[in-house]
Amino acid sequence: MMLIKVKLFATFRKNRFKEKDMELAEGASVEWVIDFLKIPRKELGVVFINGLSASPESVLKDGDTLSIFPMVGGG
């Protein structure tokens, strides 16, 4: 098992949380966390692991901080 910190931003915090420590199985991916939190993929904006840009396929490691941002609207 590994422990990661998940930070959600903007609309993703609604009915969820701002920051949470999660215990995951070794080799869990960003995609797994997104699906577990029921975040719609079409709303996904950018993802960072330890402050560096990452993709949904990125594999997490013990101690990582995962930040998940929704798409930015505007116009």
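Two strands count as paired if DSSP finds at least two bridges between them. Strands (E, at least two residues) and helices (H or I, at least four) are DSSP runs, numbered from the N terminus. The model is predicted: local features need pLDDT of at least 70, side-chain atom pairs count only at pLDDT 80 or more, and totals for chains, interfaces and linings use all residues. Residue numbers start from 1 along each chain as its sequence is written, and side-chain values use heavy atoms, with hydrogens and water left out.

In S5, Leu66 is the bridge partner of Val6. S1 and S5 run parallel and are joined by four bridges. S5 (residues 65-70) is also joined by four bridges to S3 (residues 44-49), here in the antiparallel sense. Across this second pairing, Phe48 stands opposite Ser67. S3 pairs in turn with S4 (residues 52-54), antiparallel, over three bridges. Val47 has Ala54 of S4 as its bridge partner. A hairpin is formed by S3 and S4, with two residues between them. Asn50, in the turn, has a positive phi of about 55°.

Together, five strands form an open sheet with mixed pairing, in the order S2-S1-S5-S3-S4. S2 and S4 are the edge strands; each has a single partner, so one side of each lacks a neighbour in the sheet. From one strand to the next, the twist averages 30°. This angle is taken between axes fitted as lines to C-alpha atoms (for helices, over the stretch in contact), on a scale from 0 to 180 degrees between N-to-C directions.

Rings of Phe, Tyr and Trp (its six-membered ring) pair if their centres lie within 6.5 Å; planes under 30 degrees apart count as stacked, over 60 as edge-to-face and the rest as tilted. The count comes to three aromatic pairs. Phe9 and Phe69 are stacked, at 4.1 Å centre to centre and 10° between the planes. This pair links distant parts of the chain, 60 residues apart: Phe9 lies in the loop between S1 (2-8) and S2 (19-24), Phe69 in S5. Phe9 is partly exposed, at 23% relative accessible area (buried means under 20%, exposed over 50%, partly exposed in between; 1.4 Å probe, protein chains only). Phe69 is partly exposed at 25%.

Trp32 and Phe36 form a stacked pair, with 5.0 Å between centres and 10° between planes. They are four residues apart in helix H1 (residues 30-36), therefore separated by about one helical turn. Trp32 is partly exposed at 42%, and Phe36 at 46%. Ring pairs also link Phe9, Phe48 and Phe69 into a cluster.
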